[in-house]
Amino acid sequence: MASMIDTLPAAEQGVTADGAPADLASLMSRAFELGDWIKHSALAAEYVYWKDQVHRDAEAQRLMKQFAKAKEKFAECERFGRFHPDYNAALEQVYEAEAQLDRIESVSRYKTAEASLDELLYDISRTLAGAVSHSIKVPDNDPNPKGSGCGGGGSCSCGSGGCG
């Protein structure tokens, strides 16, 4: 992957290192090339393999249906919040169904492979964004963001009203 980054034409304010205008077609071509490299990577192959194993695993399919039903029941209870008489029981059923799924090897390996591929994609996005500007925000799938400032739970005194 380092060779791809090393061969990308440097573009500063719409021009390459030799002063020529940045060629959008060339950039798009390189982006598709990078996408192909990712698709053919070991992480992507592992992800696809375990995804297929989950779909072939009858026990995993049965437990996924059970998990979906538990989530549906909880969603019904959640409309009324904690005051619904079955709220806690429905939530416990969701957690138990998820725990049963996680105990299946194909499911746990699939989740691990998915997280690894997601981390690779995030790292690539962060690298590309950082090459353009250090102020570009790169979204990730982490439900517990570590950043500070607006939306990060910190105090940034930005004046937006969403902080502190």
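A: In the protein chain, 47% of the contacts between residues at least 6 apart in sequence join residues at least 24 apart; contact means heavy atoms within 4.5 Å. The model is predicted: local features need pLDDT of at least 70, side-chain atom pairs count only at pLDDT 80 or more, and totals for chains, interfaces and linings use all residues. Residues are numbered from 1 along each chain as its sequence is written, and side-chain values use heavy atoms, with hydrogens and water left out.

Q: How many helices and strands are there in the protein chain?

A: The protein chain has six helices and zero strands, running α-α-α-α-α-α from the N terminus on. Helices (H or I, at least four residues) and strands (E, at least two) are DSSP runs, numbered from the N terminus.

Q: What percentage of the residues count as buried?

A: Of the 164 residues in the protein chain, 20% count as buried. Buried means under 20% relative accessible area, exposed over 50%, and partly exposed in between (1.4 Å probe, protein chains only).

Q: How many aromatic pairs does a search of the whole structure find?

A: The search finds three aromatic pairs. Rings of Phe, Tyr and Trp (its six-membered ring) pair if their centres lie within 6.5 Å; planes under 30 degrees apart count as stacked, over 60 as edge-to-face and the rest as tilted. One of them joins Tyr49 and Trp50, whose ring centres are 4.9 Å apart with planes at 80 degrees, so this pair is edge-to-face.

Q: Are Tyr49 and Trp50 buried or exposed?

A: Tyr49 is partly exposed, at 45% relative accessible area, while Trp50 counts as buried, at 11% relative accessibility.

Q: And what about Phe74 and Tyr87?

A: Phe74 and Tyr87 form a tilted aromatic pair, 5.2 Å centre to centre with 50 degrees between the planes. The pair links distant parts of the chain, with Phe74 in helix 4 (residues 58-78) and Tyr87 in helix 5 (residues 87-102), 13 residues apart. Both Phe74 and Tyr87 are buried.

Q: Changing topic, where is Asp52 found?

A: Asp52 is found in helix 3 (residues 42-56) and is partly exposed, because its relative accessible area is 31%. The C-alpha atoms of Asp52 and Ser106 are separated by 9.0 Å, although these residues lie 54 residues apart along the chain.

Q: Lastly, is Leu24 buried or exposed?

A: Leu24, found in helix 2 (residues 24-39), is exposed, with a relative accessible area of 60%.
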